Structure formats: structure tokens, C-alpha cells
Amino acid sequence: MSGDELVRDDGFDDFLDAVADGEGFYVECENGHGSLPPRRVCPHCGTTDLKEVPLPESGEVETHTTIHVASPEFADDVPYVTAVVDFGPVRLTGQLQDVDPDAVETGASVAPDVGSTETTGERILVFRPR
Amino acid sequence: MTGVRVAGVGLTHFGKHPERTGRDLFAEASAAAFADAGVDRSAVESLKYGNFMGELAEHQGHQGPLMAEAAGVDAPATRYESACASSGVAVREAVKDVRNGEADVVLVGGAERMNNLGTAGTTEALAIAADDLYEVRAGITFPGAYALMARAYFERYGGTREDLAAIAVKNHDNALPNEHAQFQREITVDEALDAPMIADPLGLYDACPITDGASAVVLVSDEYAEAHDLDAPVAVTGTGQGGDKMALQDREYLARTPAAEKAAEEAYADAGVEATDVATAEVHDCFTIAEVLALESLDFYAPGEGIGAAARGETTRDGDLPVNLSGGLKAKGHPVGATGTSQIAELTRLLRGDHPNSDAVDGEVGVAHNAGGTVASTTVHVLEVVA
Ligand SMILES: [Zn+2]
């Protein structure tokens, strides 16, 4: 999947646009549960009163892996590091770039950004060390 | 509410059969199940069929009626898709139908054709069991997702790659006498540790293989078994199902699987048994860490305690609670849609006494744990010898 002619995933692509502009956000319900768009209900409690809240500037790597066997869309990217990063009320999953795969540690502080894959040029959520 | 008997089971060889179609595989497995059951095809009132990646692997949707044809069954047929738990869900629906009096005879099964896609194609196809927007677009693979869970487990509770390797060694050892298994060969801990990394900390030997195969079971009501004088000593006495958020990032736990905990709790209560009653379990070890999470979800171990079970010899063939005596997904193979029913088939053989590893079973209660994706869906079934 690549190329500008493709249909946008409304909501999620808005989120990526915002992260790229340094204005990342997530969706929060009245009970303080965080999630990523698109949402019409909070996935944690089912409430429908959701608002966009600025994403913190940094999060902590909660878990990570270096992927050596990829699907065809990421064939030229291997090895690459993916991580689940804790931003407090919300977690994000993306590629950890600008790091030595052997030196990645849980608990490391990283910032969200938008990058692209080497294989297709498709833009993806990435994290960079802070 | 009637009881549900396993009248017969059938399996193809699990392995590389890239030239064989799904319908051919299922025709073989279902024929074996009918022969084992001593039930005629014409008695079947519905087919519940599990399959995950048929559109990608065979350009074939709408597989329910197709597989009814392949099995020679003239009955309504429905495909169930719940990733790797597809046929586990089919079993659960069949059990409900028999209990409710909707049907006396149900054919349940599943099949998957995978090897014709190659490794990259299969990796791509399996990845669609993850969340496309939040995970697949970021490059998450199926092994990658389990690697994230494995590292989270190590960080939270401890554990080593050696502990995981002991699980792989155990399951290969169990597969040795199983004629249906993909890998009938021993491996060592050192071989497992030295194998190439797929997604660290998971190496090649922490992962199940890419497998083609099919499985089928004939489920009947107590009344039908009695009226037709069937030799069907094993019953499905408990069923449970649980769910969780699709993406790991939205889960409460990264090192526990609440969907399986809920399914197990429900299935145990349904059967009126406890974890301590269980003599053997077939659990969803698509990756070695998955077996650990399964053991803890099934309440055999507290969270954080299951990691060393194989290394300590507790879940090996001569241990107190032998797990995956079939070889598990790891060594027997994991044709995704066929896995749930194959666990029921293997447990039935183990409890009936006609499995090559039956001697290792000391008791009359078995449990099957079938997990979909990164355990966003799970079924658990309790099987018991009742006659
Ligand atoms: Zn909420």
C-alpha cells in the first residue's frame, strides 16, 4: 500500500498529520481513558463523550522487539525495532528509529514523529530518542 | 439440556502440502472423523467450519458450503473466522447447538492452506489478525506481537530464553510418536538458542511452523449416542470464550491474557471442574511464550510462575501435568483454521487411550485452549471421560 492516490483512513491519517506537525493528540473520555482515533466510543468504558487531548511530548518504551522476518511491505526495512510506548493515558505502537537495535531499553524516553518505511515509502508512526 | 459426546475425530497429516487444496484436506479429515464415529454423513444436521486466510491463500471465500460438499454433507454450513481460534469458536457453537436441542449430530472442523504463500506471504497474511491501523501499518508481524508480549513478561516477572527453549524441546519430544505431526524430530535447548532470530527474544525455534492441514470432529447428543449404540466415551462438558482489545496498546495487560482467563473460568464453571482436576491440556503454543501465558490463564500457575514449568519438568510427558502431548502448535503444526478442532481431536484420543502418548495421561479431564491473534479472542473447552 503506497502512493498519494490511495484513500485516506480518515481519523487515523488526521492523527498522523497532527503528529507530523508536532501537534499530536489522542482521544480521551470523561473517565480519563485514552485511545487513538478514529473512535465513536471509548473502547474501555463505552462512553460516547470523547475529546481530543494533546499527546505528551515524550513517552516511555514499555516493550520492544527487533523484527528480522517481515511481511513484503517491510522487506527492505529489516531489521527494525518496533515498540509499544506508554504516554500515560494512552499507548502507541510504532517503529523506533535512530537507535542501535542492540541498545534499546525498556523505560527509555522517546518522542513521537512520523517517518516512512524504506520498502514502500509509506508513512508510519515512529519514535525517536529524546 | 443434553450432554455432548465426541463421537469421532479425524486429522490429516499436519505439514507441508502446498499442492493440496483446502477442500481436499478437509475431505480427508472429515472422512476420517465419520469412519471413527461410525456415524453416516447423512445424519449431519449442520457443519461448523473454521478457516482464517482462505481469501488470501486460495482466493476462496464462502467456504461453508464448499466444505460441506467436500465432506459429502447435505446440511447448512457456516464458516467461522476468529483468527487462530476459528475452529475453537466453531466447536463452541456446535456444542451450544447440540445442548439446545437444535441438532443431534454436528460436524465441526477446520482447514488451512498456508505453504503455497511462502514465508513472506504467510507473514503478511497472519499479520491481518492484528489491528491494521495501529499495528500492521507500523510493521508489526504476528511473531513481532508475541515478541512484544514476551519481553513485557520477562520485564514484569523474569524468565529467560532458556526457559522458552525448554518448552520447544518438550513439545518436539511429545510430537515424536504422533503420526500427524509436522516435526517428528528431537531438538535440543542449544539448537533452539542458536537458531536465527525472528523477532527478539523469539527465535525460529520459538515459533510454530507454517502448516497445511485439516481436522474434523463429529459431535452428537447423549441421546443420539445411546440410540445408535455409539462408542463415544468422551464428552465436551465445558465451554467458554473470552475477548480482549484487538491492539496490544489498548490492553490492560501485556504479559497476561485476560481473554483466556475469562474463557477458562467460564469453561471450568460450566463443567463443574477446577484446574486441579485437569490431567492434561492442549494449549495454543503458536510461540513458546504463548504456552506460558496459557498455563497461567488456565489457572495451572499464578501469573509469573508458569515460565519455568517445562524446564522444571512439570509439564513434560512424565510430569504432573503434561501439556501439549500432541506436540502442540510448535511441533505438531499450526494450520490456523484447523487448530481448534485438532486440539479437541488430540485430547479425545488422549483421553480415550488410543493416542501414542495416552500413557502419560493420569486422569479423566482434559482442557483445550485455542487463542486468536495475540489472544484478543480465546475459547476453552473441557473434555471428560464419562463412560
Ligand atoms: Zn472510557
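**Exercise 1. Salt bridges across the interface**

Task: Determine how many salt bridges the rule finds across the interface of chain A and chain B in this predicted model.

Solution: The criterion requires a side-chain nitrogen of Lys or Arg within 4 Å of a carboxyl oxygen of Asp or Glu. Applied across the interface of chain A and chain B, this rule finds 3 salt bridges.

**Exercise 2. Extent of the interface**

Task: State what area is buried between chain A and chain B, and which residues of chain A lose the most area.

Solution: The buried area amounts to about 2700 Å², with carbon and sulfur atoms giving 54% of this value. On the side of chain A, the residues that lose the most area to chain B are A:Val69, A:Arg91 and A:Thr93, which together account for 21% of what that side buries.

**Exercise 3. Packing of two helices in chain B**

Task: Classify the packing of α1(B) against α3(B), and identify which residues meet.

Solution: Begin with the geometry. Helix α1 of chain B (residues 22-37) packs against helix α3 of chain B (residues 63-71) at an angle of about 55 degrees, with the axes 8 Å apart. The angle therefore makes α1(B) oblique to α3(B). The crossing of α1(B) past α3(B) is right-handed.

Next, list the contact. From α1(B), B:Gly22, B:Arg23, B:Phe26, B:Ala27, B:Ser30 and B:Phe34 meet B:Leu66, B:Met67, B:Ala70 and B:Ala71 of α3(B). The residues of this contact comprise 7 nonpolar, 2 polar and 1 charged.

Notes. Residues numbered from 1 in each chain as written. Chains lettered and ligands numbered in written order. Predicted model: local features only at pLDDT ≥ 70, side-chain atom pairs only at ≥ 80, totals over all residues. Heavy atoms only, no water. Axes fitted to C-alpha atoms, helices over the stretch in contact; angles between N-to-C directions. Helix = DSSP H or I, 4+ residues; strand = E, 2+ residues; numbered from the N terminus. Parallel < 35°, antiparallel > 145°, perpendicular 65-115°, else oblique. Left-handed = near helix turned anticlockwise from the far one by under 90°. Contact = heavy atoms within 4.5 Å. Nonpolar A, V, L, I, M, F, W, Y, C, P; charged D, E, K, R; others polar. Buried area = accessible area lost by both parts, 1.4 Å probe.
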